[in-house]
Amino acid sequence: MHYFNYKTNNLYCEEVRVSDIVEKFGSPCYVYSYRTLIEHFRKLQAAFKEINPLICYSVKANSNLAICKALVNAGAGLDIVSGGELYRALKIRTNPKKIVFAGVGKTDEEITYAIKSGILFFNVESEAEMESIQELAIKLRRTVNVCLRINPEVDPHTHRYIKTAQKESKFGLSFSAARLLLLNRERFFNVNIKGLHIHIGSQITEARPYIQAVAKVSEFIKEMKSAGIKFEYLNIGGGMGIIYKKETTQTANVFARAIIPLLKNTGLKIILEPGRFIVGSAGILVSRVTYVKETELKNFLIVDSGMSDLIRPSLYDAYHEIVPLRKKSKSRQKKYDIVGPICESGDFLAKDRIMPQTEAGEYVAIMCSGAYGFSMSSNYNSRPRAAEILVKGNEYSVIKPRESYLDLVRKEKIPRFI
Ligand code: LLP
């Protein structure tokens, strides 16, 4: 579901013609639909209404301040993984009591910053991290709340790079490591263990792996209860998949119906950390075809965006639908590799894609690029990052201007000794 639709053969974002935006702000650019963003957040809220969870939007999916602010205004908390994301969260005046902090490698500086900011809790991923938090809490004379991130060892049936609950995974604590920490919790006298956290992977299209994970965690909660240890929170992470191609992914309602009974049984306050589900289909990447190149084996559409703007196809072999901004009435279908200008063979946006014959100078939209698009972009090949534009109804505004060449070198220095 999204609000990018054709009207009289032109692609619109809500009520704005996308080609008007690109003519004004240039190509490539990310265009986001406010309504799509907020409706996805509301859908999750409604589906889980019965248990009224805290929904912490996962900032890493798209960390633009305007996107985060729109969601915070709608009632979201934030799931962060770095000092930089905390800075963003505080910059838009997110209630710190709605911020949760995950990640395997939080540094002392990041932990200190988060303690001083009074976040809701850290999701602790190792004993060593627990020790660091304890030491810093003593130093700052504070009591700090944490949840333990458990690796429940389930298979979420998703790309191997975005599975996070395999036995060999770097994330979380095994049940036995968590048990040890809990039974020795008095060692960490400045730390309150308030609950448990899981995040089993991303782009998960079925409820089953969540059910398996929550069932395992529920057993553990019972075991701990009989040892006199009680929790207040259970955070089931993010990971809900969206439709990129023709995946049969569950709706928020189907997912909620399947998982709510188990969550209710725990008797704990529930936290969700969705990223992609909220912002994935709310963004497109618009690009201009620079050249059409036909070789003996391939037809290439060489566009002005590439893996530095959207790395998902290169990194995960991810599929993104690619459509023209302007549909032509009579055009034959052709098979293309849609590639970027970057000097890497891995720089492609689609391979062997059948689409209407396209000429140089025409524009295409790479759909469902709202999540892990701009936030994973880079300056590789010294390419300034694309502009980002947010549309709401018939209004639109630049939420990040295109970078300039000066932006690329602004912080660089040439030492005297060369
Ligand atoms: N919570 C934690 C602790 C996470 O690590 C993540 C994502 C999320 C929540 C949000 O997951 P989501 O609801 O968006 O699936 N770059 C990859 C996805 C990496 C996900 C990393 N962690 C991609 O483009 O597919």
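Predicted model: local features only at pLDDT ≥ 70, side-chain atom pairs only at ≥ 80, totals over all residues.
How much space lies in the largest cavity? About 60 Å³.

## The cavity

The count comes to one cavity of 30 Å³ or more. Its lining includes Gly-237, Gly-238, Gly-239 and Met-240. Leu-44, Tyr-210, Phe-255, Leu-272, Glu-273 and Pro-274 line the cavity as well. By class, the lining has six nonpolar, three polar and one charged residues.

## Where the ligand lies

The ligand takes up the space of the largest pocket.

## The shell

The ligand is surrounded by 19 residues. The closest are Ser-202, Glu-273, Arg-312, Tyr-316 and Tyr-372. Of the shell residues, six are nonpolar, seven polar and six charged. Glu-273 is named among the closest residues of the ligand and also in the lining of the largest cavity.

Ser-202 brings a side-chain N or O atom to 2.4 Å from a ligand oxygen. The side chain of Tyr-316 has an N or O atom 2.7 Å from a nitrogen atom of the ligand. Gly-239 uses its backbone: a polar atom there is 2.7 Å from an oxygen atom of the ligand. On its own, the ligand has 580 Å² of accessible area, and the protein covers 91% of that.

Gly-239 also lines the largest cavity.

How values were computed: Residues numbered from 1 in each chain as written. Heavy atoms only, no water. Near = heavy atom within 4 Å. Polar contact = N/O pair within 3.5 Å; in protein donor to acceptor, adjacent residues only side chain to side chain. Areas by Shrake-Rupley, 256 points an atom, 1.4 Å probe, with all protein chains shown as cover. 1 Å grid on protein atoms, 1.4 Å probe; cavity = no way out; pocket = protein on both sides within 12 Å on 5 of 7 lines; lining within 4 Å. Sits in = over half its atoms within 2 Å of the grid points. Nonpolar A, V, L, I, M, F, W, Y, C, P; charged D, E, K, R; others polar. Points joined across faces, edges and corners; volume = space filled by probe spheres on them.
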